[in-house]
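Colleague: Can you walk me through this one? I have the sequence and the coordinates open.

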Amino acid sequence: MKINPLVLLSLFFICNSLYAKDIDVEIKSQSCFVKGDSLMVSVKCIVNTHDFTSDESLTIIPVIKENRQEKELAPVLLNGKKRHRIYERNRVLNKRKGIEGEKYFFVRELSGEYPCEVIYNTSVASENWMRMPELFLKVNKLASSGEIVQETIGLKESGRLPEVKRVAVTNDVTLSPKVSEVSGLKASYISPESDATDVRNQKELNFNLEEARVVAEMNPQMLSLRELYMVALSYKNEPGKFYQIIETSVKIYPAHPVANLNAAAAAIEQGNWQAAGEYLRMAPHETLAYKNCKGVYELMTGNLYEGIRLLKAAKAEGSEEAGMNLAVFFENNKRH
C-alpha cells in the first residue's frame, strides 16, 4: 500500500507539535529593562515535569533581543535523576582535567512528582543597542532518545524604565525643604513572604541565623528574599550592614516589589531620594509601608502637599510610622 508523502509530512509535524508540548513552561512574572548602566532581567516560571523521565534534561536560556541584535544570558539546566548523575560525573572529571565546562546560572535535579519553580534574577552590563529590549526564553529539551526539541517563548512588558531627572541642588528654601526640616523621619519595611526558594532552603539546607549570615557574605544568591531580610534585621543595630544586605537583596531580586520597597526605605533613611524614587516605582503601591515611604519621599523632594496627604492617609489606615513622621515633621518646622 502506498502512502501519500504529504500525509507522512503532516504526521511528522503533528507528532513534533505534540512532543513539543511536553515542554510545559508557565511564566508567572517577568521584567527586562535598562537601569543606569545595567540590564536588569527577572523571570519566574513553573516547569511542569509530570512526563519528565530520569534520563532527560531541559535547558532554559533567557535571550535579550532588539532589532537584529541579541544576547544570550547564562542558561538554567534542569536534569532528570540519571541525567544529573552523568552531569555531576562529567563536571568532576572536567575539573580534574582542568577543562572549564559551560557556565550555568544554576543546575538542579528534577523530580517528576511536583512542578519545579525557576526564579531567574540577574543584571549584566547594558550595551548601546539595548534601548527597548525584548525578552525571550529558548527552551531545549534533550529527550532520552537523544532528540532535541526546541521552543522559543516570547515575553511581554519588556522595556526601559523612565529615566530619573536629576534636580540641581539649590539654596532657595522656597523650592525645597532644608535637610534639617525632614530629619528624623522613619521609613517602613515589609517582611517578604516565603516562596519556593525559601521552602526549598528550609527543607534541604535549614539555615539558622548565624549560618545565613555567613552565606549572605559568601554567596547571597543562595538565600531567599525572606532569609536575606532576616539577616538584615539581625544587623539592625549596625546600620551599615543592615543597609548593605537590603541593597544586596534588591540586586538579587531586582523585579520583586517587596525588595524594591525595602530598598526604597533604606535609601530614604540614608537621604538618597533619587534612588528612593527609582525603587518606589516598582514597590507594591497598595501597602501602608509604601504610603508612608512615598509620603516621606515627597517631603524630601519638596512636595509638601502630597507628602502630608499621603502620611495622613497612611496614619488614618493605621500606620504608626506615618503618625510619628507627621509629628516629627511639624515639630521640626515650628517657627520659634
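Modeller: Start with a strand pair: Val139 has Glu151 in β9 as its bridge partner. Keep in mind that this is a predicted model.

Colleague: How many bridges join β8 to β9, and which way do the strands run?

Modeller: Strand β8 (residues 134-142) and strand β9 (residues 148-154) run antiparallel, with 7 bridges joining them.

Colleague: What about the hairpin, which residue there takes a positive phi?

Modeller: Gly146, with phi near 95°. The hairpin of β8 and β9 has 5 residues between the strands.

Colleague: Switching topic. What is the order of strands in the open sheet?

Modeller: The order is β1-β2-β7, 3 strands with antiparallel pairing. β1 (24-35) and β7 each have a single partner strand and stand at the edges, so one side of each has no neighbour in the sheet. From one strand to the next, the twist averages 10°.

Colleague: And how many bridges join β2 to β7?

Modeller: There are 10 bridges between strand β2 (residues 38-48) and β7, which run antiparallel. For a landmark, take Val43, whose bridge partner in β7 is Tyr120.

Colleague: Now β6. Which strand is joined to it, and is that pairing parallel or antiparallel?

Modeller: Strand β5 (residues 76-79) is joined to β6 by 4 bridges, and the two run parallel. To get from β5 to β6 the chain passes through helix α2 (residues 81-97), in a right-handed β-α-β crossover. Within the pair, Val76 has Phe106 in β6 as its bridge partner.

Colleague: Which side chains of β6 are buried?

Modeller: Phe106 and Arg108, which point to one face.

Colleague: How does the lining divide into nonpolar, polar and charged?

Modeller: The lining of the largest pocket has 16 nonpolar, 8 polar and 7 charged residues.

Notes: Residues are numbered from 1 along each chain as its sequence is written. This is a predicted model: local features need pLDDT of at least 70, side-chain atom pairs count only at pLDDT 80 or more; totals for chains, interfaces and linings use all residues. Side-chain values use heavy atoms; hydrogens and water are left out. Ala, Val, Leu, Ile, Met, Phe, Trp, Tyr, Cys and Pro count as nonpolar, Asp, Glu, Lys and Arg as charged, and the others, Gly among them, as polar. Buried means under 20% relative accessible area, exposed over 50%, partly exposed in between (1.4 Å probe, protein chains only). Two strands pair if DSSP finds at least two bridges between them. A crossover is right-handed if, with the strands pointing away from the viewer, the path from the first strand over the helix to the second runs clockwise. Axes are lines fitted to C-alpha atoms, for helices over the stretch in contact, and angles run from 0 to 180 degrees between N-to-C directions.
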